[in-house]
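User: Hi! Could you walk me through this model? I'd like to start with the loops.

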Amino acid sequence: MESITIHSSSIIIPNLPTPNLTLPLSVADQFRAWVHITTVYVYKSPNAAVIVDSLKSSLSKILVPYYPFAGRLHVIVGGRLELHCCAAGALFIEASYGGTLDDFGDFTPTDVVRKLAPEVDYNSSIEDVPMFLVQVTRFSCGGLVIGLNVSHTLVDGVSAIMFINSWASIARGDKTAKSILQPLHDRNVLQPQKPFCPPQFYHCEYDILPFVIGCSNSKEERMKETKSALLKLTREQVEKLRMRANSSTPTNQNIEKVVDVNEVLLQPCPHSRYELITGHIWVCASKARNIDNDKSKQSTVVQIVVNIRQRLRTPIPKNFCGNAALISITPQCEFGELMSQPLSYAAKKIREASWKMTDEYVKSAIDFLATQEDICWTRTSSSSSSSIVRVKGTSLSNPNLSIVSWLSMPIYDADFGWGYPDYVGPSMLAYDGKMFIMPGPNNDGLIIVAIQLQMKHMEYFKKFFYEDL
């Protein structure tokens, strides 16, 4: 396989003066792992004459309203962070590859694909690490890949996509670019309540999660070789899962009424696409991990990320640019439960994890995190290639899963002037059990699941994933 050649590296700064200030970060920002959201945008036929110049120029323009993306983080008391909006700029790398896009197959997030995104030097001082990094790689076939790294302390996926799509709008000369929704950078909306209230709920999402039976930590499991894959579900296959989940009732389980974000008691309703796919993944992973020997009593949970923008009584403004997502976890289940029950059982557990994030629960979680004198326990870092950063004690590996959904995000709207991307996805997966659920590029109902599992479990997982579909 050809190697990627780096031709130049430059710092892009805002093309107009921007506010020089220190931006306090919210609790939702503070507990975020000190990593970057890393994605690749693949374009098969850009047909653009001056791609790099256009991207640089438009980036310098979008960094004016999005000036925090040109700032730098600083550590303050208790391991907390603040953002210095100092117009230090974003890193822009130009690269080329002598082969074709086909050399990268379906762009499964592997170490090879990871090289298409800029490398972040986590060994350097945090004050020197850019919030936003870009790598533009040209291919001999005429294709192009834009690899992006956005600080997760700065924004969540929703805000990152808002920024990227706004940048694309300016790059393509869209007439509406001048009226781009101005981002709201004020994080006060997600600060602790005043006067301060103690947490109203017990927040099990920050407890130590289950380990493999017989182990007191996840160290041994993390050392095992892993493999990543992209799995696809057609609209028809998703519909089969929907019918399977909505036509069965868990045995010896009462369907409970659940309080939604407006505290309205709802009757049981059909499971959403997200709930049934995530539940299906959980069941298949449990079956695959149970292959070695009988581990039916093995406890397992799924960690999910919940967008809380519309979960609060006073919704967060659409133009909010920051982190507005919190971690939730499913109730603990056993492998045996998941394998013996119908799909509706796992889907219901996923629903419980999501629907508990009400206005009261969100505010309680913020209050809980605000009580921590030293927040360093919520993030530990590694300078290894996997850049694992995780909540204290969390075993985000076998026997648990961490599943992120991009289903509702407009990830394919990034037309920089040569058309929409042919594929958008993560350039890497950090550990065993990490997964993304994403829409396909053609608005045809295709679902793409990016997954990383231990090598010995992957083929079994694929078998179960497609069984009877």
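Analyst: Happy to. N443 is found in the loop between strand 18 (434-439) and strand 19 (447-454); helices (H or I, at least four residues) and strands (E, at least two) are DSSP runs, numbered from the N terminus. This is a predicted model, where local features need pLDDT of at least 70, side-chain atom pairs count only at pLDDT 80 or more, and totals for chains, interfaces and linings use all residues. Residues are numbered from 1 along each chain as its sequence is written, and side-chain values use heavy atoms, with hydrogens and water left out.

User: Is N443 buried or exposed?

Analyst: N443 counts as exposed, at 74% relative accessibility. Buried means under 20% relative accessible area, exposed over 50%, partly exposed in between (1.4 Å probe, protein chains only). The phi of N443 is positive, near 55°.

User: Which loop holds A87?

Analyst: A87 sits between strand 5 (81-85) and strand 6. A87 is not a glycine, yet has a positive phi of about 55°, and is partly exposed at a relative accessible area of 29%. Most residues other than glycine have a negative phi, and most peptide bonds are trans.

User: What about the peptide bond from N398 to P399?

Analyst: That bond is cis, with omega near 15°. P399 lies in the loop between helix 10 and strand 16 (401-405).

User: Switching to sheets: what is the strand order in the open sheet of six strands?

Analyst: The order is 1-6-7-8-3-17, with mixed pairing. Strand 1 (4-12) and strand 17 (423-426) are the edges, each pairing on one side only. Two strands pair if DSSP finds at least two bridges between them.

User: And how many bridges join strand 3 and strand 8?

Analyst: Eight bridges, in the antiparallel sense, between strand 3 (residues 36-43) and strand 8 (residues 144-151). T39 has L148 in strand 8 as its bridge partner.

User: Now helices. At what angle do helix 6 and helix 7 pack?

Analyst: Helix 6 (residues 235-246) and helix 7 (residues 273-289) pack at about 90°, with axes 10 Å apart. Axes are lines fitted to C-alpha atoms, for helices over the stretch in contact, and angles run from 0 to 180 degrees between N-to-C directions. So helix 6 is roughly perpendicular to helix 7 (65 to 115 degrees).

User: Which residues meet there?

Analyst: V238, L241, R242, R244 and A245 in helix 6 meet R273, L276, I277 and H280 in helix 7, with contact meaning heavy atoms within 4.5 Å.

Technical notes
Parallel < 35°, antiparallel > 145°, perpendicular 65-115°, else oblique.
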